[in-house]
Amino acid sequence: MKKLLILLLSAFSLSAVAQKKKVAVYVTGDDPINSIMGDHLVDGIAHDGKYLAVERTASFLNELVKEQSYQQTGAVDDSELSRLGKQFGVDYVCVATPFDVWGEKYISARMIDVERAEVIATSSANGKIENSTQFLALLSTLTKGLLQSFEQSKLADAKKVAV
């Protein structure tokens, strides 16, 4: 009886993990500080508990580098990211884009649904960055806003289906 209970609990745990959607994170540009942004977004997504954050693999990044000239314009082609997301087995791609504007750091992020190639959630944060504490606070604001926007988008989709 105990073995059966343990087996059922294990199966339930595995199915709960299998149902979590996978999110790959990509930060545009080549500033070394971007890896800190990417790591912070991965941490926030992973600690949320509802999603599995997928590390940015070298092959994922290499494919994106092919789009480098386009990306340097400040834009990222969402359909290309969607195609790569499918190729790498993720459900969503989170793209963050940092800018320096008038002496302040501005970061925008968007969550792209790989199946539909649609932006389904966005967030942005900006502020003057004079130390690492301020930078991490800015990233926390961005991550929380993105996850809240993502949840609201999923709720709105659920209401559309229910109608």
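Visitor: How do you know that the span of helix H2 is close to the one expected?

Guide: In this predicted model, H2 covers residues 34-48, which is 15 residues, and reaches 21 Å from its first C-alpha to its last. The expected span is 1.5 Å times one less than the number of residues, and for H2 that expectation is 21 Å. Helices here are DSSP runs of H or I with at least four residues, strands are runs of E with at least two, and both are numbered from the N terminus.

Visitor: What makes the buried residues of H2 line one face of the helix?

Guide: The residues in question are Asn 34, Met 37, Gly 38, Leu 41, Val 42, Gly 44 and Ile 45. Buried means under 20% relative accessible area, exposed over 50%, and partly exposed in between, with a 1.4 Å probe and protein chains only. Viewed down the axis of H2, these buried residues fall within an arc of 165°, so they line one face. The arc is taken from the directions that run from the helix axis to the C-beta atoms. After H2 comes Gly 49, with a positive phi near 85°.

Visitor: Why is the pair of Tyr 92 and Phe 150 called edge-to-face?

Guide: Rings of Phe, Tyr and Trp (its six-membered ring) pair if their centres lie within 6.5 Å; planes under 30 degrees apart count as stacked, over 60 as edge-to-face, and the rest as tilted. The centres of Tyr 92 and Phe 150 are 4.7 Å apart and their planes stand at 85°, so the pair is edge-to-face. Tyr 92 belongs to strand S3 (residues 92-101) and Phe 150 to helix H6 (residues 132-162), so the pair ties together parts that are 58 residues apart in sequence. Both Tyr 92 and Phe 150 are buried. Together with Tyr 51 they form one aromatic cluster.

Visitor: Which residues share partners in a salt-bridge network?

Guide: Arg 116 and Glu 118 form a salt bridge at 3.6 Å, N to O. Salt bridges with shared partners join Asp 113, Arg 116 and Glu 118 into one network.

Visitor: How do you know where confidence is lowest?

Guide: The predictor's confidence in each residue is pLDDT, from 0 to 100. Helix H1 (residues 2-19) has the lowest mean, 44, and strand S5 (residues 118-127) the highest, 92. Where pLDDT is low, the predicted coordinates should not be read in detail.

Visitor: On what basis were the values computed?

Guide: Residues are numbered from 1 along each chain as its sequence is written, and side-chain values use heavy atoms, with hydrogens and water left out. Local features need pLDDT of at least 70 and side-chain atom pairs count only at 80 or more, while totals for chains, interfaces and linings use all residues.

How values were computed
A salt bridge is a side-chain nitrogen of Lys or Arg within 4 Å of a carboxyl oxygen of Asp or Glu.
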